[in-house]
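User: Hello! I am new to protein structures and would like to learn how to read one. Could you guide me through it, feature by feature?

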Amino acid sequence: MNDVNEPVRYQLLDDVALLIVDNPPVNALSHGVRRGLKENLARALADPEVAAVVLYCEGRTFIAGADISEFGHPVVEPDLRQLLDALDMADKPIVAAIHGTALGGGLETALCCHYRVALDIAKFGLPEVQLGLLPGAGGTQRLPRIIGPEKALVMMTTGVPISAGEAHKLGLVDQLVNDDLLSNTLIFIREKVARGQHHSRVRDKQEKLLDVAPEIFQQARHSTTHKMRGFLAPEYNIRCVEAAVTQSFDQGCQTEAELFAELMAGPQSEAQRYFFFAERQAAKVPNIDVNRSKRPIAKVGVIGGGLMGGGIAMNMANAGIPVTIVETSSEALQRGLNTIRKNYESTVRKGRISDSVMQQRYALITGAIDLNALADCDLIIEAVFENMAVKKELFARLDGLAKAGAILASNTSALNLNDIAAVTQRPESVIGLHFFSPAHIMKLLEIVRCEKTADDVIATCMAFSKRIAKVPVLVGVCPGFVGNRILAVRQQQAARLALEGASIEAIDRVLYDFGFPMGAFQMADLAGLDIGWDSDNCDPSDIRDRLCELGRLGQKTQAGFYDYDDRRRPTPATLVSEVIADCAVLKGVHRRDASDSDILDRCLLPMINEGAKILDEGIAGRASDIDVVYVYGYGWPRYRGGPMHYANSVGLSKVVEKLRKLQSTTGDIFWEPSPFLVNLAERGQRF
Ligand code: T1G
């Protein structure tokens, strides 16, 4: 008899054995599921009354993969390959009934069934590459045998799932149904049994592996080289598909097992698996049930139709939420709306959305030059000039016109939100929503909790972030919050290294080779050197002030730290080197050689130390939250986990030792290790 707590239940429906997986939330292939499936499969195969087997899952999805939380720990048998071998050797027809997302080990399990019946809204994928892995249970050998190597290469190197419709076209799904999945699957398999036809195994299919053009592998390498620069797993997935084409099935599985083991044991997968849970943890707020009652958000107002305001408004329209943009004049408003239309038209040209979708989204955006147009908005986000007086005056006006219960948010990137909240009668409804430019593309959203922000406002904004496809991280009020505060110390040290004689190209190369999308100086040029620049108080010894005075504001003026051609390609400028050397003299900075590893330490150690201070001050609740900010907001390479994970991999004692050495050699208090960090290191702990 089935124990209701067992993750796999057995049910006999006349001549069909039903294996029912019930392991919420995503039916991951935990040890209990593997053992339950293997035992109940054997029971079905041994029962002479059983003519066929159906594999079915309760809950919201078919098996969504191996249990990632088990990785890094000793495998408890039966392991997944042992289970799938048992499925593969079955002498009775087996059909997988698929809904939700059949991913990773889940799809590999379905591939060991003779047939697959799916709801037409189901999805199929091998996302292991996003965990720094490859399908480790035969998927790299079976998938190419069904859909062909070329399609398999795309699915495995991107990790992006395909629809049930496409899977059916490719032969991965035998039948699509639009409802009653289980009853339709029973009809399907009974028809197969009645015909008495041979039930072929995926592993025996060879036709898709014949006459494969060898250049598909180079094409796959070429397409991943740029997008996945520095990641090991894409190449290893490609090698497995090559093995499927050039080796026997068993040899190919051996190749897969060897490459899988290498990735699983490596630092990249360890970092990417860590990050998988880190970004899900970030959406949870200790002591606040984010599923608690939240304030409804049916209409949003955005004040400011510039670069940020326009991008923020697009996020709302993209999520199907009506949004009103308020500007100070009709001309400014029209400029903002024109920019939004151009952004949408560019997305349509790239084939990412259809013209009709663009029209639907654009229709959700309205404009006004009167703040009272926002009186019925549930959420109002200001994205105006970064000036405290301007923001205070605006929030005082909003407080008088916004409806009761409306959330008033600021997109400020650094200003003190407590002071802004204090000018309103509703400080409990004031919060920071710090979007990152370009706001309609960057996924990170720093949600800034003010002293008096109410829990339901935080819960509302955390949930709303997912609705607009953002990754939320809750942070506290301080200059720069988490992301920009940490960035400031890295940029400061990069400038110091330049003053000491390291070339800006060398500094940028070291950071690029580490895995950042670009170095410190190219990033400054992209953002614009004049952000926050006070042209009335220029310091002749400050590099940025000197470049701004020369009109070298970055990419937008085709000259900043670098010169830029029409395609924004940077080239070093002699003038900049001269300005830096002159600033060094004015500051009395002595030249100091710096090797690549010195440069890397000088840029990364301050980020780690600042992260420790942020934790100590409670500005971030978790070290992993800081990592989520850095991967999603600043391009920290995901295969290195984030600055705090990286510090753990270096070892906190080593980090403290390096900081102290820099402090003694430079005599600069800047390098003083955070007491919070020292304390952890002395206790042999990690972040
Ligand atoms: N293992 C363990 N826990 C998992 C999990 C998994 N595979 N997938 C999700 N969870 C947890 C997640 O941490 C969260 O927990 C909850 O489920 C809901 O997830 C041998 C080696 C399925 C599309 O990579 O893509 O098979 O926070 O918030 O947005 O070849 O989860 O609630 O405590 O993401 O609705 C391959 C990973 C594994 C799929 C659902 N499979 N999961 O998204 O919910 S490696 C994957 C997802 C493998 C084999 C290889 C998504 C989802 P908590 P969620 P969602």
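Analyst: Gladly! Domain bounds come from an automatic or database domain assignment. Please keep in mind that this is a predicted model. For this protein, the assignment gives domain 1 (8–265), domain 2 (300–479) and domain 3 (484–587).

User: How far apart are the C-alpha centres of domain 1 and domain 2?

Analyst: Those two centres are separated by 43 Å.

User: Now to strands. Which way do the residues of strand β13 point?

Analyst: Start with the general idea: in a regular strand, side chains alternate between the two faces of the sheet. In strand β13 (residues 379–382), Leu379 and Ile381 point one way, while Ile380 and Glu382 point the other way.

User: And are these residues of β13 buried or exposed?

Analyst: All of them are buried.

User: Which strands does β13 pair with?

Analyst: In general, strands of a sheet pair through backbone hydrogen bonds, either parallel or antiparallel. Here, strand β10 (residues 300–303) runs parallel to β13, and four bridges join them. You can find Val302 opposite Ile381 of β13. β13 also pairs with strand β14 (residues 407–410), again through four bridges and in the parallel sense. There, Leu379 has Ile407 in β14 as its bridge partner.

User: What kind of unit do β13, helix α15 and β14 make?

Analyst: Together with helix α15 (residues 388–401), the strands β13 and β14 make a right-handed β-α-β unit.

User: Let's look at another sheet. In what order do β5, β7 and β8 come?

Analyst: The order is β5-β7-β8, in an open sheet of three strands with mixed pairing. β5 (101–103) and β8 (162–163) are at the edges with a single partner strand each, so one side of each has no neighbour in the sheet. β5 and strand β7 (residues 123–125) run parallel and are joined by three bridges. In this pair, Ala102 sits opposite Phe124 of β7.

User: Last topic: pockets. How much space lies in the second largest pocket?

Analyst: Rolling a probe the size of a water molecule over the atoms shows where empty space is left. In this model, the second largest pocket holds about 340 Å³ of space.

User: Which residues line the second largest pocket?

Analyst: Its lining has 14 residues, and Asp598, Asp601, Lys658, Lys661 and Leu662 lie nearest the centre. Helices α23 (596–616) and α26 (652–666) each contribute at least two lining residues. The largest share, seven residues, comes from α26. By type, the lining has nine charged, three nonpolar and two polar residues.

How values were computed: Residues are numbered from 1 along each chain as its sequence is written. This is a predicted model: local features need pLDDT of at least 70, side-chain atom pairs count only at pLDDT 80 or more; totals for chains, interfaces and linings use all residues. Side-chain values use heavy atoms; hydrogens and water are left out. Buried means under 20% relative accessible area, exposed over 50%, partly exposed in between (1.4 Å probe, protein chains only). Two strands pair if DSSP finds at least two bridges between them. A crossover is right-handed if, with the strands pointing away from the viewer, the path from the first strand over the helix to the second runs clockwise. On a 1 Å grid over the protein atoms alone, a cavity is a set of points where a 1.4 Å probe fits but cannot get out, and a pocket is an open set with protein on both sides within 12 Å along at least five of seven lines; lining residues have an atom within 4 Å of a point. Grid points are joined across faces, edges and corners, and a volume is the space filled by probe spheres set on the points. Ala, Val, Leu, Ile, Met, Phe, Trp, Tyr, Cys and Pro count as nonpolar, Asp, Glu, Lys and Arg as charged, and the others, Gly among them, as polar.
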